[in-house]
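Visitor: I'm new here and would like a close look at one part of this model. Could you take me there step by step?

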Amino acid sequence: MYFKQILDERCGCASYLVASRQSREAAIVDPSTDTDQYEELLRERGFRLRYVIDTHVHADHVSGARRLVTEHGGELCLHESAQVSYEFRPLKDCEELELGQLRLRVLHTPGHRPELISILLINPTRSPEPSMVLTGDSLLVGDVGRPDFGGGDAASQFESVMRLLRLPDWVAVFPGHFEGPCGNGMCGRPSTTIGFERLYNPLLHLERGPFVSSLANGVPARPLNMTAIELTNRGLTDMPQAMLTTSPEVVEIDVEALERLSPDSVVLDVREPEEYAHGHVPGAINVPQADLASGLDELPRDRPILAICRGGSRSLRAAQYLKQTGFDRVASVKGGTEAWRAAGNRLAFGDTSGVEEPRITESGWAHAGAS
Ligand SMILES: [Fe+2]
C-alpha cells in the first residue's frame, strides 16, 4: 500500500493519494485545483490513475477531479446523490472499490453536504478490518464539518459522526480539512484516531439536541467566493479564477482613517446580509465574500475600495482577492465593524446602505427587524 496526505496551506484542505504497490493502481481523493502535484507523484511512482473521488461537492475550493480524469483517465466518482451536470460513477453506501489488493469502502455520511461520503481503507493482506478512514468534512480533528453551506443539516451530521464512532478505536482518521472555513473549532492536526476523537472531541460528547443547536448557533459566514466555486464544481459554470491563489500585499487601514474617507471611496462590507442589516458603516455597500467573484461587476474599478467585515480577517482575504483580479486601489479595515462601533461611530441598519438612527441592544448589536 502507498498512502500520502497532501496539505494545501492556502485553503486548509487535505487531499490523498492511495495506491496499491502491487497493481500500481492509484486513487486520488478530494484533489485540489493544482493537479501538477498529483501528476508528479503518479509519474515518479509509476502509478496508473484508476479512481478520482470527490467526497462531496466542495464549496471552498475548485476541485481538480475532472481535469485529472480528462488528462489521466480513470473513473470520476461521487456519491449517487450528487447534483452535478457531468458524468460520474455514482457510488452507493457500503459499495467497495477494488484498488489492487486494497478495498475502498464507501460510507454515506451526509450532514456537511447531503452527498458527502467517507471512505474506509482496507488492506486485506494486513487485516480484514479497516485501518484508516477518509472522512471528508464529516468528522474533523476536534470538530465536525459545518452543515450551513447549503443542503447540509446538523441532525444528519450527528447520525453520520455517530456511525463513524462505531468504528474501532485504532482506525486512523484523515479529514478533508485541517483548517479553514468548513469547521469552527478544528485543532489544526492533520489526522487523528476514532478513539482519540471519541474521548476528546467536545462535540461528540453532546446529545443530539445540543449537538444540533451548537452547529446552528451564530451567523454563518460562507467561504470566500463559495457561490462561484460551488457552481464550478457542479459543472454549471467555469470559474477556476474564483480561487484565491496568491497572497498580494494589501494595505490595512484603521477605523480612524475610515472616518476621514475621501468621498469617492467605496466601503465594501463583505459580511453576510444578516450581519450587515444588524449594523454597518454608513454608506457601505454589501457584497458577501461568498458572492464576491460573481459580483465583481457591481464594483467600480476606478475608485478606492475599502473592504470591511466584522473583525478584519474576511475583509483581508476579500481585498487580496480583489487585488488578484486587478483592482489596484484596495485596502482592508483593521478591526472591522466591531472596531468602528467600539470607537463610538454611528452605524446604519437595514438591508440597504441608507443611514438610520442606531438602536443598540444589550449585546452591542443593533436590530432592525431581523432576527
Ligand atoms: Fe466541504
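How many helices and strands are there in the chain, and where is Ser213 found?

Guide: Happy to show you around! This is a predicted model, in which local features need pLDDT of at least 70 and side-chain atom pairs count only at pLDDT 80 or more, while totals for chains, interfaces and linings use all residues. Residues are numbered from 1 along each chain as its sequence is written.

The chain holds ten helices and 19 strands; both are DSSP runs numbered from the N terminus, helices being H or I with at least four residues and strands E with at least two. Your residue, Ser213, belongs to helix 5, which covers residues 208–216. Ser213 counts as exposed because 11 other C-beta atoms lie within 10 Å. Across the chain, 47% of the 371 residues are buried.

Now let's step back from the helix. Between the C-alpha atoms of Ser213 and Ile53 there are 31 Å, and the two are 160 residues apart along the chain. The chain is divided into domain 1 (2–216) and domain 2 (247–371), with bounds that come from an automatic or database domain assignment. Taken over C-alpha atoms, the centres of domain 1 and domain 2 are separated by 35 Å. As for the whole chain, its C-alpha atoms fill a box of roughly 70 × 45 × 30 Å along the principal axes.

Terms used:
Buried ≥ 20, exposed ≤ 12 C-beta atoms within 10 Å, placed from the backbone.
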